[in-house]
Amino acid sequence: MNHDSLMKTLEKNGLKPSKIALPRNEILAGDCIEIMKSLPARSVDLIFADPPYNLQLGGDLTRPDQSKVAGVDDAWDKFSSFASYDKFTKAWFLEARRLLKDDGAIWVIGSYHNVFRMGSQLQDLGFWILNDIVWRKTNPMPNFRGRRFTNAHETLIWAAKSENSKYRFNYDAMKALNEDLQMRSDWTIPLCTGAERLKKGDGNKAHPTQKPEALLHRVILSSTNIGDVILDPFFGTGTTGAVAKKLGRDFIGIEREKDYIAHAKERIATIKTGDEAMLKPIEKREEPRVPFGQVIEQGLLQPGAVLFDHSRRYSARVRADGNLVARNHTGDHKGSIHKVGAALQGLPSCNGWTFWHFETKGKVWPIDVLRQEIRSQIQPALPVPN
Ligand SMILES: C[S@@+](CC[C@H](N)C(=O)[O-])C[C@H]1O[C@@H](n2cnc3c(N)ncnc32)[C@H](O)[C@@H]1O
């Protein structure tokens with residue numbers, strides 16, 4: 001039974017729309033505010049929304065050769081004033097907030113026309129902004145009139161439902177995606193072109209603002225887990241649904257234009273979900289905490305042993321209680337491996353485990369190897385796959 005027939009049956013039986021169970025992996029046809037009202041509260045993990053931009057375009061835009069630029073001049077992008085756009089934004093934000101689980105989050109994407117208006121409303125309604133991401137387009141449309149800078153980016157706002165939400169962020173997956181460097185807030189991704197761009201029978205674009213799958217890949221991989229439910233209230237041709245399915249997440253799409261729904265359905269039907277083992281984020285093992293004192297207790301270093309940094313510029317002696325003592329031109333220092341390492345270098349902090357070294361049988365080792373030795377006694381090593 002699809003969502004429409006389910007709704008009719010329930011209403012015939014006198015049940016209120018809010019009793020409807022969460023439909024998963026369906027596209028719901030109609031106005032997003034009305035449909036969101038019919039869905040259960042605190043039921044979705046993430047919302048990705050690419051709402052109307054309210055571009056306020058005046059007249060046709062032409063290239064220097066007089067050909068017409070296919071901009072966004074559709075009825076769905078037209079609002080009579082900023083006030084009516086704000087009223088619409090507030091109405092769907094309120095529903096979005098009701099539908100999000102308490103630890104859920106929302107992504108909205110927009111241009112300078114609407115993103116500031118959305119940002120201030122998100123804050124006013126209690127969402128907690130986590131980042132604004134600049135999507136830098138490698139192939140933006142030129143500014144044909146030459147009256148302004150080329151508009152080469154859009155902005156995404158990522159916000160938790162509230163300041164206290166324990167929102168999901170797959171930090172390690174993002175770092176891996178960026179060749180082991182922390183992922184930054186400026187993303188360079190081309191516009192959706194080529195084979196990915198859906199076309200109508202006449203060869204024209206199926207949708208004026210189809211987003212690139214690469215953008216949604218990063219959004220979904222960074223902030224959801226396998227099996228999470230992602231709601232997109234402005235589904236268009238279903239980019240969110242296509243990427244969600246590929247990555248093993250569930251989606252709910254809402255869209256009011258029948259043509260876009262048809263394209264989205266056809267598109268999503270061709271998508272295959274990846275192998276679950278390949279989709280799961282690799283969680284870093286929670287390693288047991290080892291105080292430096294245990295190294296002494298277990299006799300891996302003796303009280304009085306001398307530690308030094310890798311360049312042998314600084315040195316300290318180990319006390320029986322696991323503290324270090326050292327002296328330099330600023331005075332005497334006593335405390336943890338981290339505290340003394342930081343004090344000698346005049347830095348606010350220091351990772352003593354990697355800073356301090358010891359020598360044995362003519363070889364120099366960081367004291368971290370002693371911590372690893374203790375950890376290996378506490379927990380067995382991970383099995384190595386064949
Ligand atoms: C910017 S486009 C989204 C494009 C989509 N992200 C994609 O990649 O194809 C906004 C979409 O929202 C739809 N829309 C606008 N107002 C709506 C409303 N009140 N309810 C449902 N859909 C709406 C439009 O028809 C349009 O397809």
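## Ligand and pocket briefing

The model is a predicted one. In it, the ligand sits in the second largest pocket.

**Around the ligand**

**Polar contacts and cover**
- Asp31 has a polar side-chain atom 2.8 Å from a nitrogen atom of the ligand.
- For Asp50, an N or O atom of the side chain is 2.8 Å from a nitrogen atom of the ligand.
- Arg256 also places a side-chain N or O atom by a ligand nitrogen, at 3.5 Å.
- On its own, the ligand has 600 Å² of accessible area, and the protein covers 99% of that.

- The volume of the second largest pocket is about 430 Å³.
- Its lining counts 31 residues.
- Closest to the centre of this pocket are Asp50, Pro52, Trp76, Phe234 and Glu255.

**What builds the lining**
- Helix H2 (32-37) supplies at least two lining residues.
- Helix H7 (239-246) and strand S8 (250-255) each supply at least two as well.
- By class, the lining of the second largest pocket holds 14 nonpolar, nine polar and eight charged residues.

Definitions and conventions: Residues are numbered from 1 along each chain as its sequence is written. This is a predicted model: local features need pLDDT of at least 70, side-chain atom pairs count only at pLDDT 80 or more; totals for chains, interfaces and linings use all residues. Side-chain values use heavy atoms; hydrogens and water are left out. On a 1 Å grid over the protein atoms alone, a cavity is a set of points where a 1.4 Å probe fits but cannot get out, and a pocket is an open set with protein on both sides within 12 Å along at least five of seven lines; lining residues have an atom within 4 Å of a point. Grid points are joined across faces, edges and corners, and a volume is the space filled by probe spheres set on the points. Helices (H or I, at least four residues) and strands (E, at least two) are DSSP runs, numbered from the N terminus. Ala, Val, Leu, Ile, Met, Phe, Trp, Tyr, Cys and Pro count as nonpolar, Asp, Glu, Lys and Arg as charged, and the others, Gly among them, as polar. A polar contact is a pair of N or O atoms within 3.5 Å; within protein, one must be able to donate a hydrogen and the other to accept it, and residues adjacent in sequence count only if both atoms are side-chain atoms. Accessible areas come from the Shrake-Rupley method with a 1.4 Å probe; for residues, only the protein chains shown count as cover. A molecule sits in a cavity or pocket if more than half of its atoms lie within 2 Å of its grid points.
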